[in-house]
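Dear colleague,

I am passing a structure on to you below, and after it I set out what was found in it. Please read the notes with the structure open beside them.

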Amino acid sequence: MSQIQHAVPDGPMRYTQICTRRTSCSSPPTSSSAAGTEPPSCPGHRGRTPRRKWQVFPGRNRFYCDGRVMMARQTGVFYLTLVLILLTSGLFFAFDCPYLASNLSPAIPAVGAVLFVFVMGMLFRASFSDPGVLPRATPDEAADLERQIDSTSCSKPPPRTREVLINGQTVKLKYCFTCKIFRPPRASHCSLCDNCVERFDHHCPWVGNCVGRRNYRFFYLFILSLSFLTIFIFSFVITHVVLRSNRTGFLTTLKDSPASILEVVVCFFSVWSIVGLSGFHTYLISSNQTTNEDIKGTWSRKEGKDNYNPYSYGNVLTNCCAALCGPLPPSLIDRRGPIQADTPQTAPQSNGTGGGSYAPTQLHSHMCDQDQCIQSTKFVLQAAATPLLHSDPVILPPLPAKPTSLGGPCAYLGPAQPTLPSCAGDVLTLRDVAVDSHCHHRLHLHHLHHHQHFVSPEETPCGTPQGALPCPAHMHLQHPAPQVRYDPVTQDSLHEDSVRGLVKLSSV
Amino acid sequence: VSSKFHNLQEMQHTASLVTKVFIQRDYSEGTVCRFQTKFPTELDNRIERALLEQTVKTLNSYYVEAEKVGGQSYLEGCLACATAYIVFLCMETRYEKVLKKISGYIQEQNEKIYAPRGLLLTDPIERGMRVLEISVFEDRGSSGSSPSSSMSSCSTAR
């Protein structure tokens, strides 16, 4: 084990993103741990031990107001949305409403105000609430699942999917390597937030959050009310300008009320997209589909297959009511809950707490997680240097893999190096997964300078023999271990996932 | 069945945890929360099948009630929408009320049925509704292992 630690030139700083439990990951506290949570989650970093669960949340989210507000990491576009709405509405109320109230009716600003308040309320609800994040599996659960998966297959690669029959339709449940769970139906892993989200619709940068089970209705009401507000402002600004022009002439009107032009321009350009989006989501709600499913064509009629949406209630009205007025489930991540102290551990080789808390309680698990991080990274880096390999521990012949749009480093199929059960689990985290990866456009693999065998994806397309040699520096780390074998069918997903792991490293 | 543990706290602190058994979700009815009623083999000699099945079935029925899309949930949804969801600051949603009932039920089941058998159910909400976790504690029975050994194993674990 010490070999591995010395082999890594940089400190464990870079590995925090891959660890499932960041607090136990690094002994020198890291500044990169601040990515996504405030204040930093590593104890001792500022002399403050984390008291609430949000402070040690493993996803890439930002929390404000002591955990009450939860958003995605990139919030720039959200502020743009806010500015646009506030600016346009503010100008409307300041410049157009006085004229309209006195010349037409005072109901106009009143209705406008109600709409505006509703829009802002829905926007905040959609942006600040938990979209339905699934908390990651505790180490005991993950180990139990691994045992189940490995025990079901002896000579084939362990299946990382489960099939379930829902309403007569076969649905595949995929195993999420980051969260170490089999994703429920309709859940998806958001790579931007690094969380599995229930009934994942999409990640909306305008709202600065994922849109999932718990905030879909707020998102829909937001875009619907925003369409009404945009059309309202647009039409009444035009009315104002027309009425005024009739009295004083067009140019004088523009001079008296210059803001109107800006409002008209903003509204004109936004109305198409927002109204279009509202229409699209109305269609989705009425057919009880998510954006994710619609884009992938999961339930579209396929030739020769009787494909239908098993979640639809069959009737448009019921679907709408269920989506908008159905029960609102509570947040599963309990972000403001206190971090539990020690809870009972499983007697043999316990690794950390089982109580759903993330605080490090044992030096044992502390070391193990650090090793996991280092090992995980080692395998990722080896994946970068080597093409798809069989699970032979010594010399690994290159295998041709399917060319994918990602190119670059292929998944590495080395043996696991478990000293403790969760080590194997974490190493596997980086290997094979069928993840809904959106990260292929964010490959910065050439940034990983601490492993000289690393090449950028453009230089070494997957499957070519030239980048094939396994890194000799790491060969001595291959210990004989329980075989972990993979289905050739999942090569792409292996590839994707190793790339994903690398992306995480590089984004630190 | 002798009552080896006087209360749950005593069991948690003095007994050593042998293993954890996880009852996974059953997705055959869709995304509604439902746990598998298949009896885990590890508990064969610890508890009667019927008892565990009954517990799981009752829990499933509670979850169905919580997630039921019907008259009351529509009313609640419309009212909440009309008040821009501010009403939820003062009122508890139906789902939360049912979850409270569930945790009360689990507490009661633990005290009456599971703790005497050296088992402990964990409320699924604490595991993100992924699993129903059953902690299996060391079956003292007639072995009468001393508390000091279990305490030392707990302290080294820490």
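At roughly what angle do the axes of helix 3 of chain A and helix 5 of chain A cross, and within what distance do they come? The axes of helix 3 (residues 107-128) and helix 5 of chain A cross at roughly 150° and come within 8 Å, where axes are lines fitted to C-alpha atoms, for helices over the stretch in contact, and angles run from 0 to 180 degrees between N-to-C directions. Helix 3 of chain A and helix 5 of chain A are therefore roughly antiparallel (angles under 35 degrees count as roughly parallel, over 145 as roughly antiparallel, 65 to 115 as roughly perpendicular and the rest as oblique).

Before going further, please note that this is a predicted model, in which local features need pLDDT of at least 70 and side-chain atom pairs count only at pLDDT 80 or more, while totals for chains, interfaces and linings use all residues. Residues are numbered from 1 along each chain as its sequence is written, chains are lettered from A and ligands numbered from 1 in the order in which they are written, and side-chain values use heavy atoms, with hydrogens and water left out. Helices are DSSP runs (H or I, at least four residues), numbered from the N terminus.

The crossing of helix 3 and helix 5 of chain A is left-handed (the near helix is turned anticlockwise from the far one by less than a right angle). Their contact (heavy atoms within 4.5 Å) includes Leu115(A) and Val119(A) from helix 3 of chain A, and Phe222(A) and Phe232(A) from helix 5 of chain A. By class, that contact has 18 nonpolar, two polar and one charged residues (Ala, Val, Leu, Ile, Met, Phe, Trp, Tyr, Cys and Pro count as nonpolar, Asp, Glu, Lys and Arg as charged, and the others, Gly among them, as polar).

Helix 5 of chain A (residues 216-248) also packs with helix 2 of chain A, at an angle of about 40° and with the axes 10 Å apart, which means that helix 2 of chain A is oblique to helix 5 of chain A. This crossing is left-handed, and Phe92(A) of helix 2 and His240(A) of helix 5 are among the residues that make the contact, which divides into 13 nonpolar, five polar and three charged.

Helix 2 (residues 76-103) of chain A packs with helix 7 (residues 259-286) of chain A as well, at about 140° and with the axes 10 Å apart, so helix 2 of chain A is oblique to helix 7 of chain A. Helix 2 of chain A passes helix 7 of chain A in a left-handed crossing, with Phe92(A) and Val266(A) among the contact residues.

How values were computed
Helices (H or I, at least four residues) and strands (E, at least two) are DSSP runs, numbered from the N terminus.
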